[in-house]
Amino acid sequence: SDKYVVALSGAHTLGSCHSDRSGFEGPWTDNPYKFDNAYFKDLINKKWKIGVSSAGNTQFVNGKTMMLPSDWTLQNTKETRVYVEKYA
């Protein structure tokens, strides 16, 4: 269900992407070693700009943090945004 997809995406609060492995690069949150709800807070509160990884893939950026197109979609789809807001 949408609820579980959003909840599982919250694991992106940890770690970062590496262009040599995924084609995307950068951490999702300012502290990628802390398990919290920063991923959801950042999705809602940060202003995201379209960027391009060194591998040429579109990703969303804000300073040193990034979001995948699939992450960004969670906050911009009516059915999933309700859960992003709840978990933030």
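A: Let us begin with burial: a residue is called buried when its relative accessible area is under 20%, exposed when it is over 50%, and partly exposed in between. Please keep in mind that this is a predicted model. Both Y39 and F40 are buried.

Q: Does F40 count as buried or exposed, and at what relative accessibility?
A: F40 has a relative accessibility of 6%, so F40 counts as buried. Y87 has 24% relative accessibility and therefore counts as partly exposed.

Q: How is a pair of aromatic rings described?
A: One gives the distance of the centres and the angle of the planes. For the classes, planes under 30 degrees apart count as stacked, over 60 as edge-to-face and the rest as tilted. In this model the count comes to 4 aromatic pairs. The ring centres of Y39 and F40 lie 5.1 Å apart and the planes stand at 75°, so this pair is edge-to-face. The rings of F40 and Y87 have centres 5.4 Å apart and planes at 55°, so this pair is tilted.

Q: Which parts of the chain does the pair of F40 and Y87 link?
A: The pair links distant parts of the chain, 47 residues apart. F40 belongs to helix α2 (residues 38-45), and Y87 belongs to helix α4 (residues 78-87). Ring pairs also join Y39, F40, Y83 and Y87 into a cluster.

Q: How are two packed helices described?
A: The description consists of the angle between their axes and the distance between the axes. In the case of α2 and α4, the axes are 8 Å apart and the packing angle is about 120°. The crossing in which α2 passes α4 is left-handed. On the side of α2, the residues F40, L43 and I44 take part, and they meet R81, V84, E85 and Y87 in α4.

Q: At what angle do the axes of α1 and α4 cross?
A: They cross at roughly 50°, and the axes come within 9 Å. The helices α1 and α4 are therefore oblique to each other. Here α1 passes α4 in a right-handed crossing. The contact involves D2, K3, V6 and A7 from α1, together with E79, T80, Y83, V84 and Y87 from α4.

Q: How do the strands of a sheet pair?
A: They pair through backbone hydrogen bonds, either parallel or antiparallel. This model has an open sheet of 3 strands in the order β3-β4-β5, with antiparallel pairing. The edge strands are β3 and β5, each of which pairs on one side only. On average, neighbouring strands of this sheet are turned by 45° against each other, direction ignored.

Q: How many bridges join β3 to β4?
A: There are 4 bridges between strand β3 (residues 49-52) and strand β4 (residues 58-62), which run antiparallel. K49 has V61 in β4 as its bridge partner, and G51 stands opposite Q59 in β4. The hairpin of these two strands has 5 residues between them, and G56 takes a positive phi near 90° there.

Q: How many bridges join β4 to β5?
A: The antiparallel strands β4 and β5 (residues 65-67) are joined by 3 bridges. N62 stands opposite T65 in β5. These strands form a hairpin with 2 residues between them, and G63 in the turn has a positive phi of about 65°.

Q: Which residues does Q75 touch, not counting residues up to four places away in sequence?
A: Q75 touches L43, I44, W48, R81 and V84. Q75 is found in helix α3 (residues 69-75), and at 10% relative accessibility Q75 counts as buried.

Notes
Residues are numbered from 1 along each chain as its sequence is written. This is a predicted model: local features need pLDDT of at least 70, side-chain atom pairs count only at pLDDT 80 or more; totals for chains, interfaces and linings use all residues. Side-chain values use heavy atoms; hydrogens and water are left out. Rings of Phe, Tyr and Trp (its six-membered ring) pair if their centres lie within 6.5 Å; planes under 30 degrees apart count as stacked, over 60 as edge-to-face and the rest as tilted. Buried means under 20% relative accessible area, exposed over 50%, partly exposed in between (1.4 Å probe, protein chains only). Two strands pair if DSSP finds at least two bridges between them. Axes are lines fitted to C-alpha atoms, for helices over the stretch in contact, and angles run from 0 to 180 degrees between N-to-C directions. Angles under 35 degrees count as roughly parallel, over 145 as roughly antiparallel, 65 to 115 as roughly perpendicular and the rest as oblique. A crossing is left-handed if the near helix is turned anticlockwise from the far one by less than a right angle, and right-handed if clockwise. Contact means heavy atoms within 4.5 Å.
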